[in-house]
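Open the model in your viewer and keep the sequence panel beside it. Each stop below gives a selection and then what is there.

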Amino acid sequence: MNGSIPTENGSVSSDRDGSALIFLGTGCSSAVPNTLCLIQQSETPCYVCSQSLSIPPERNPNYRGNTSLLIDYCQSDGKHKYIQIDVGKTFREQVLRWFTLHKIPQVDSIILTHEHADAVLGLDDIRCVQPFSPSNDIDPTPIFVSQYAMDSLAVKFPYLVQKKLKEGQEVRRVAQLDWRVIEEDCEKPFVASDLSVTPLPVMHGEDYVCLGFLFGEKSRVAYISDVSRFPPSTEYVISKSGGGQLDLLILDTLYKTGSHNTHLCFPQTLDTIKRLSPKRALLIGMTHEFDHHKDNEFLEEWSKREGIPVKLAHDGLRVPIDL
């Protein structure tokens, strides 16, 4: 793409001044293309997944990594801080593809929505965006997690969580992380790289609490990647009829039809958008059931009818926004 930047309307931009949101991944946990569609092809191959064999991912909005967002936060002095939300299984690929395109030099802090594989299994690769030091003599990257996620990650990644080496243990180069526990409470904001962020507890299945996040003073943005139901206190904070209208809602939509026990699907996602009434919305977390072009044509008509602009996001999308 010769260094051009894909923007929300499909055009390209060279404007790197100001804050922006960069969608590193917009797919489900298994990502798109779906592997089975490629290795067990039927007489009528899956159109969305088959595209991946002929169209480079950077020109294919149906190619989707694990859901992840990078906040490029431009401060009042013009300095940029880079805040990563989730570090899933496809993180290294996303760095190679989108950090290089958008000229992202580092990650200044990390926020995790939860501790499932599609949100955390790239944590080992954080070292690839940190300064090189074989002895780990670098400043650790702050990482904000719930207590539940912290307890789980201490088991999954003990070598990333331990405070000091045991006697006789070899020094090995690993990602250096400064673990900071946040509360699952809409009234307990925290600060990541000078940006105030409010946790938004949501249900990701009835037995599991996941976090979305609300941020931005000049523009109110809510990022909710894994949700099946909104507790009333969370919905109040982000609804036009409650805590105030969102400028941008980034919301989960897994399947095109039907329902799912741990995620919103397209019908419920659109109902939620009507209920919350943001100024605009971008959808993430899609499976291969979604065709970016065809479904955005449907959403264009839906948006005109309902008065709320809604689109499917895509990997590599950069959305300038005043935070």
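Select L160 first. L160 sits in helix α6; helices (H or I, at least four residues) and strands (E, at least two) are DSSP runs, numbered from the N terminus. Is L160 buried or exposed? L160 is buried, with a relative accessible area of 4%. Buried means under 20% relative accessible area, exposed over 50%, and partly exposed in between, with a 1.4 Å probe and protein chains only.

Now show the contacts of L160. Leaving aside neighbours within four places in sequence, L160 is in contact with L123, D124, V174, A175, L177 and W179. Contact means heavy atoms within 4.5 Å.

Before going on, note the ground rules. The model is predicted: local features need pLDDT of at least 70, side-chain atom pairs count only at pLDDT 80 or more, and totals for chains, interfaces and linings use all residues. Residues are numbered from 1 along each chain as its sequence is written, and side-chain values use heavy atoms, leaving out hydrogens and water.

**The largest core**

Select L123, I126 and W179. These have the most contacts inside the largest nonpolar core, which has 31 residues. A nonpolar core is a set of buried Ala, Val, Leu, Ile, Met, Phe, Trp, Tyr and Cys residues joined through side-chain atoms within 4.5 Å. Elements giving two or more residues to this core are β3, α3, α4 (117–120), β7, α5, α6 (158–161) and β8. Which element gives the largest share of this core? Helix α3 does, with five residues.

Zoom in on I126. Not counting residues up to four places away in sequence, I126 touches V87, F91, I110, A175 and L177. Another core, of 29 residues, lies apart from the largest one; F266, M286, W302 and L312 are among its members. In soluble globular proteins, nonpolar side chains tend to be buried together.

**The sheet from β8 to β16**

Color the strands of this sheet. Seven strands form an open sheet in the order β8-β7-β6-β5-β4-β3-β16, with mixed pairing. Two strands pair if DSSP finds at least two bridges between them. Strands β8 (177–182) and β16 (318–320) stand at the edges, each with a single partner strand, so one side of each has no neighbour in the sheet. From one strand to the next, the twist averages 20°. Axes are lines fitted to C-alpha atoms, for helices over the stretch in contact, and angles run from 0 to 180 degrees between N-to-C directions.

Pick out β4 (residues 68–74) and β5 (residues 80–85). They pair in the antiparallel sense over six bridges. Y73 has K81 in β5 as its bridge partner.

Next, select α3 (residues 91–102). Helix α3 lies across β3 (20–25), β4, β5 and β16, at about 145° to β3. Its buried residues are F91, Q94, V95, W98, F99, L101 and H102. Just after α3, K103 takes a positive phi of about 55°.

Then move to α5 (residues 147–156). Helix α5 lies across β7 (141–146) and β8, at about 115° to β7. Which residues of α5 are buried? They are A149, M150, S152 and L153. Their cover includes α4, β7, α6 and β8.

**The sheet from β9 to β15**

Color the other set of strands. Here seven strands form an open sheet in the order β9-β10-β11-β12-β13-β14-β15, again with mixed pairing. Strands β9 (190–192) and β15 (310–312) are at the edges, each with a single partner strand, so one side of each is left without a neighbour in the sheet. The twist averages 30° from one strand to the next.

Select β13 (residues 248–252) and β14 (residues 281–284). These strands run parallel and are joined by four bridges. I250 has L282 in β14 as its bridge partner. Helix α8 (residues 266–276) packs on the sheet and touches β13, β14 and β15; its direction makes about 155° with that of β13. Helix α9 (residues 292–306) also packs on the sheet, touching β14 and β15, and its direction makes about 175° with that of β15.

**Last stop: confidence**

Color by pLDDT, the predictor's confidence in each residue, from 0 to 100. The mean pLDDT of the protein chain is 93, and 95% of its residues reach 70 or more. Select residues 1–5: pLDDT stays under 50 there. Residues 9–14 also stay under 50, and the model has nine contacts for them beyond four places in sequence.
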